[in-house]
Each structure stands twice: as C-alpha cells, then as structure tokens.
Amino acid sequence: MAGLYKKYALCLLIFLMMVTASSSCFFETEAPQEKEKKITDRYTDVSDADWFADAVEHACGLRLMTGTSENTFEPKAGMTRAMFVQALYMMSGQIPDEPSSGLPFKDVSSADPYYDAVNWAYKRHIMSGSTENLFQPSSVMTREQAVQLFYRYSGEPPAGSGNLSGFADKDAVESWARKAYVWAVKEGLISGTLVDGKMYLNPRKDLKRGEAAVLLTDFYSYTIQNETVEDMGLPYEKPIQKSSIPNGIRIPVLMYHEISDEVHGSLDYLFVRTDSMRSQLKWLKDNGYETIVFPDLVNLSKYKKPVMLTLDDGYTGNYTNLFPLLKEFNMKATIFVVTDEIGDPYKMTEEQIRELSDSGLVSIQSHTKSHKKLSTLTDLQLIEECRESKLALRRITGVSPCAMSYPEGRYHSGTISIVEDYYDFGILDRHGPWVTSQKTMYYIPRTVIPRSFTLQQFAAAVRR
Ligand SMILES: [Zn+2]
C-alpha cells in the first residue's frame with residue numbers, strides 16, 4: 001500500500017507524547033475478552049492439523065465461505081461457481097449493482113441466495129455464463145477458472161515479462177487462462193505443487209473447498225494491500241475537508257457504552273441509567289450545548305457550544321433507551337459499532353443500526369471489525385479491521401463511516417498511518433476534552449461518563 005510508512009516519523013513522535021500522557025493513568029474501559037473461540041471448532045471435518053485449517057478459519061471469519069451445514073465444511077467437496085462468485089462478492093464489500101434486472105441466465109433467479117453476487121460479477125465483466133444463457137451455478141470450478149477470475153477481479157493488469165517455464169504442465173494451461181496464470185505466479189498467488197522434483201500447476205483439476213479457502217484468503221490479503229479506498233467500489237461521496245476544521249475549539253467528546261438500567265458483565269460503570277441520561281441531555285439543552293457528529297466538524301463555526309455524545313460497542317440499549325431520548329430532545333449521537341458483533345446477544349441488529357442511521361440523529365461509525373487491540377495486530381490484520389468494518393457499515397447504512405474508535409484506546413506508532421488511509425478521524429478513550437487541531441485528528445480524546453456520576457459531576461466533567 002502506497003504511503004504506508006509515509007508519516008512514520010511524525011507518528012512516532014506523537015505516539016511518544018501520547019504514551020507519556022497516558023501511561024500514568026491507564027484504566028480498562030472494556031469488558032475483558034473471553035477466550036477466543038474458533039469458527040471452525042464446530043466443523044467436525046476440519047481439524048487444526050489440516051493444511052487448509054487456518055485458511056478455512058480466515059475465510060469463514062471474512063464470510064467469504066460458510067459451512068455446508070451447521071457442523072460440516074466439506075473441505076474435499078468441489079467449489080461451485082455459485083460459491084466462488086459469492087466469495088468474490090463478499091470480498092468486494094457486497095455493494096450491489098443497480099439495476100439488478102437483465103441477467104440472461106435461465107438457471108439463476110432472484111430467489112437464489114447468490115443472485116446479487118452473479119449480477120455484480122456479470123455487470124462488472126468479472127464472470128460470464130458457461131453459455132450465453134446458462135450460468136451453471138452448481139458446476140465445480142477448475143483451478144484455472146479461479147485464477148482467471150482473480151485476474152479479472154484485479155482489472156486484468158499487464159502480466160509483464162513472466163512465464164510459466166518452471167512448471168512441468170505449463171502446456172495444460174488453456175490459452176485463455178495463460179495471461180492470468182503468468183500474472184498470478186508472478187504475484188505469488190499460485191505456487192504449484194511439487195511431485196517427484198517437478199512443479200505442477202494442475203490447471204484443469206477441480207477446485208476443492210479446502211483449497212479454495214487457501215486461494216481466496218491469499219488473494220484477499222494480496223488485494224487489500226494493493227487497493228486504495230477509491231478502489232473499494234464505494235459510491236462517490238463528498239470527502240470531508242478536514243483542513244476547513246478550525247483549530248483551538250474546545251469540544252467535550254463524551255464517552256458512553258450503553259444507556260441501560262441493567263448491567264451485563266462486571267464493569268457496571270459502562271452502563272448509564274436511562275433516567276441519568278435523560279437528566280444529562282436536559283442539562284446540556286438547558287445550558288445551550290448543541291450535539292454534533294463527525295461530519296458536522298466542517299461546519300464547526302455554526303455551533304456556539306458543541307458537544308459530542310459517543311457510545312462504543314453497539315449495545316442494544318442504545319436503540320431501545322437512548323434513541324427515544326434523542327428523538328425527544330432532538331439531539332445527535334455517534335455510535336461506534338464492532339461489525340463482527342452485530343446481532344450478538346446485547347448488541348444491535350443490522351435493522352436497528354439502519355433505522356438509527358436513517359433517522360439522521362445517529363451517526364454510525366467504526367469500532368473495528370472484531371474489537372482486537374490495534375496495537376497487537378500486524379499491518380495486514382489492521383488493514384482488514386479498517387477495511388471490513390468500513391465496507392460492512394457502508395452496506396448496512398448506505399453511508400461510508402469516517403471515524404474509528406480504537407478498541408480499548410490502544411494503538412501504536414504504525415497504527416495511525418494505516419487508519420488514516422481509511423478514516424478521517426481516530427478516537428481515544430480518555431483525556432478529554434478535545435481542543436481541535438489538525439495534529440489531533442487521529443488522537444481525539446474523550447471524557448468518560450460512568451454510571452456513578454451525579455448530575456453535578458456530569459456538569460463538571462462537561463465544563464472541564
Ligand atoms: Zn469497545
């Protein structure tokens with residue numbers, strides 16, 4: 001990815017400043033994570049010892065592939081055209097092409113779960129039918145067909161000077177797939193199989209689901225490192241002109257998790273009672289504060305006393321308890337959602353998130369894909385967290401998120417240079433209020449509002 005390390009030195013400097021500021025008063029603001037469970041644990045036919053096990057786990061985590069039943073993955077079964085096109089569509093972020101009519105295939109109907117995927121691939125000239133009017137969704141892919149689709153998905157880049165001379169069966173590659181193969185070998189997407197000292201591509205061999213998981217996840221990693229946000233297929237939206245945000249404006253960015261009388265888990269300060277929230281919102285209104293969300297920052301001069309209400313993790317109570325209060329007071333809030341947790345117990349569903357976003361009162365932003373501490377991730381994992389949460393929220397709300405809240409407020413020097421490729425703002429979990437400046441756009445501090453606060457303590461924290 002171009003520019004990955006471009007601001008490394010600056011980030012390091014800012015990081016050292018932040019570490020100095022934060023190390024003395026660290027506290028946990030998040031529920032401790034349970035021991036990590038693997039998706040593939042439930043599949044009786046995938047064991048940790050299988051060479052494709054990690055790839056199957058990754059492919060399922062990205063929802064590129066799913067099991068063939070609740071308890072089976074069937075790694076040795078054939079990868080069908082429908083399964084493959086669905087995987088590529090998921091990889092692209094599932095932004096459907098419109099209109100979705102006019103498919104020439106007699107064997108694909110709008111009731112099929114892969115209909116949108118076929119439509120997307122056909123309209124973008126990534127995948128055509130097996131014949132003029134048949135798609136043949138259940139026929140099994142060959143390896144060379146898969147390579148050809150990766151090539152088309154990547155926009156058919158020039159293959160350059162490479163060749164296939166290192167492979168004993170190079171002549172088995174059909175002429176239509178040759179360019180794609182040269183490119184895929186050169187880019188390291190295909191390596192071949194060693195048999196009796198010779199390398200084989202096996203281009204016409206059927207693709208098995210276990211193998212497909214390996215090819216797909218390798219291709220996914222390759223793709224996300226080489227694309228830009230513009231390449232992600234998101235419809236054009238007006239970019240946020242951060243340079244127009246004035247410096248030196250004090251904004252209390254209030255940090256909550258869930259508005260709920262009930263507490264789940266051991267960290268009860270995360271759950272602010274509905275009555276307390278009502279008093280707090282009334283106090284803000286009575287004292288002339290105006291709630292803003294991140295896209296409002298470009299019009300900051302319009303607001304005399306701006307304040308931001310932010311809530312992390314995407315709890316259901318923010319739909320059931322906070323949303324009615326926002327409507328009552330006509331106030332705006334930002335909710336940072338963990339996209340892998342959508343629909344989990346105590347977490348909002350896609351429909352609830354969409355309704356909040358559509359109301360215009362709630363701005364839905366990213367709290368990553370899986371809520372891992374960003375400081376512990378590789379660059380590739382971090383790109384995945386930024387990219388997948390952005391695409392999922394764009395798909396659900398129709399709006400591209402512009403801000404990311406760092407899980408547990410953790411980041412390191414390299415984190416920001418990747419986050420800034422996907423988001424305009426990065427948000428911490430303490431040290432508020434925020435005084436605006438161009439230097440702090442990825443280090444926006446917040447003011448924690450715990451369950452125990454009296455209204456007087458709340459007022460003091462907002463005024464601090
Ligand atoms: Zn969180």
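1. The radius of gyration used here is taken over C-alpha atoms, and the globule rule is 2.2 Å times the number of residues to the power 0.38. For the 464 residues of this chain, that rule puts a compact globule near 23 Å; the chain has 25 Å, which agrees. The model is a predicted one. Along the principal axes, its C-alpha atoms fill a box of roughly 80 × 50 × 40 Å.

2. The secondary structure of the protein chain consists of 13 helices and 14 strands. Buried residues account for 40% of the 464 residues. Of the contacts between residues at least 6 apart in sequence, 71% join residues at least 24 apart.

3. The chain is divided into two parts: domain 1, made of 8-32 + 244-463, and domain 2, covering 39-232. Taken over C-alpha atoms, the centres of domain 1 and domain 2 are separated by 37 Å.

4. Where the domains meet, ten residues of domain 1 are in contact with nine residues of domain 2. On the domain 1 side, H11 and H12 each supply at least two residues, and H11 gives the most, with eight. By class, this side of domain 1 has four nonpolar and six charged residues, and no polar ones.

5. The largest nonpolar core has 63 residues, and those with the most contacts inside it are Leu 254, Ile 335, Cys 386, Val 419, Tyr 423 and Phe 425. Helix H11 (residues 379-397) gives the most to this core, with six residues. Apart from this core lies another, of 56 residues, including Tyr 89, Tyr 114, Ala 117 and Val 185.

6. Helix H12 (residues 413-422) is largely enclosed by the rest of the structure, because eight of its ten residues are buried. The buried residues of H12 are Ser 413, Gly 414, Thr 415, Ile 416, Ser 417, Ile 418, Val 419 and Tyr 422. Val 419 is also among the residues with the most contacts inside the largest nonpolar core.

7. Leu 254 deserves a separate entry. Leaving aside residues up to four places away in sequence, Leu 254 touches Val 307, Met 308, Leu 309, Thr 310, Arg 446, Thr 447 and Ile 449.

8. Tyr 256 belongs to strand S4 (residues 253-256). Tyr 256 has 26 other C-beta atoms within 10 Å and counts as buried because the cut-off is 20 or more. With residues up to four places away in sequence not counted, Tyr 256 touches Val 272, Thr 310, Leu 311 and Ile 449. Thr 310 and Ile 449 are also touched by Leu 254. Tyr 256 and Arg 451 are 195 residues apart along the chain, with their C-alpha atoms separated by 9.1 Å.

Terms used. Residues numbered from 1 in each chain as written. Predicted model: local features only at pLDDT ≥ 70, side-chain atom pairs only at ≥ 80, totals over all residues. Helix = DSSP H or I, 4+ residues; strand = E, 2+ residues; numbered from the N terminus. Buried ≥ 20, exposed ≤ 12 C-beta atoms within 10 Å, placed from the backbone. Contact = placed C-beta atoms within 7 Å. Core = buried A, V, L, I, M, F, W, Y, C linked by C-beta atoms within 7 Å. Domains from an automatic or database assignment. Nonpolar A, V, L, I, M, F, W, Y, C, P; charged D, E, K, R; others polar.
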